[in-house]
Amino acid sequence: IVPIYAADKTLQGAVARAGPWREKGPMKFDMPYGQKPVLYVPRWDYWEAQERVFVVFGMFDALSLAVAGLAGSSPSAGKKSLDTKWLDGVNKPIYIIPDRGEEREAYQYAQLLDWRGRVCKLEYGTDEKDVNDILVRRGPEGLMYAMDKGQRDSVRLHDGGTG
């Protein structure tokens, strides 16, 4: 169970990892009945202090970024639940990091973020599909290297397509 706290440290909700019987289906996570999706930020101190923030499409991916010392976040109910209004108060670059095959959604969200929106595509290895896979296979240093390269190659959508 992953608790979700707001920046002021009040509990906003929780997400539970589904058991093995549901891992292969579309619902890998479950939330309490009636809980609306929210932005999950594992380390608000990173989020507030760093010069850029990252949005991924999975709770464990956001936790993986925090392990590497980065300001990560994720919508609590998956990529389709992201509400870019949650990011209205963020006045710095926001990098959307898609899982393998989720690039279209990342570009759509980045477009809605105006000058702040960027897409950071990572180079996934053969057995990697997301940020957590990179952390597990390459360690925190490997994830930092992949993130640095992805940011250098990122696409900023509102300046003619240059990084």
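A: What follows covers the nonpolar cores and then one lysine. The model is a predicted one.

The largest nonpolar core has 22 residues. Those with the most contacts inside this core are Phe54, Leu65, Ile97, Leu122, Val131, Leu143 and Met147. Leaving aside residues up to four places away in sequence, Met147 touches Phe54, Leu65, Leu70, Ile97, Cys120 and Leu122. Apart from this core lies another, of 17 residues, which includes Leu39, Val53, Ala71 and Ile94.

Lys92 is buried, yet it has no salt bridge. The nearest side chain of opposite charge belongs to Glu48, at 8.3 Å, whereas a salt bridge calls for a side-chain nitrogen within 4 Å of a carboxyl oxygen. The side chain of Lys92 is instead placed by backbone oxygens: that of Gln50 is reached at 2.7 Å, and that of Trp47 lies 2.9 Å from a polar atom of the lysine side chain.

The surroundings of Lys92 take in a run of the chain around those two residues. Not counting residues up to four places away in sequence, Lys92 touches Trp47, Glu48, Ala49, Gln50, Glu51, Arg52 and Val53, and also Trp115 and Arg116. One of these, Val53, is among the residues of the 17-residue core.

Terms used: Residues are numbered from 1 along each chain as its sequence is written. This is a predicted model: local features need pLDDT of at least 70, side-chain atom pairs count only at pLDDT 80 or more; totals for chains, interfaces and linings use all residues. Side-chain values use heavy atoms; hydrogens and water are left out. A nonpolar core is a set of buried Ala, Val, Leu, Ile, Met, Phe, Trp, Tyr and Cys residues joined through side-chain atoms within 4.5 Å. Buried means under 20% relative accessible area, exposed over 50%, partly exposed in between (1.4 Å probe, protein chains only). Contact means heavy atoms within 4.5 Å. Lys and Arg count as positive and Asp and Glu as negative; His and the chain ends are not counted. A polar contact is a pair of N or O atoms within 3.5 Å; within protein, one must be able to donate a hydrogen and the other to accept it, and residues adjacent in sequence count only if both atoms are side-chain atoms.
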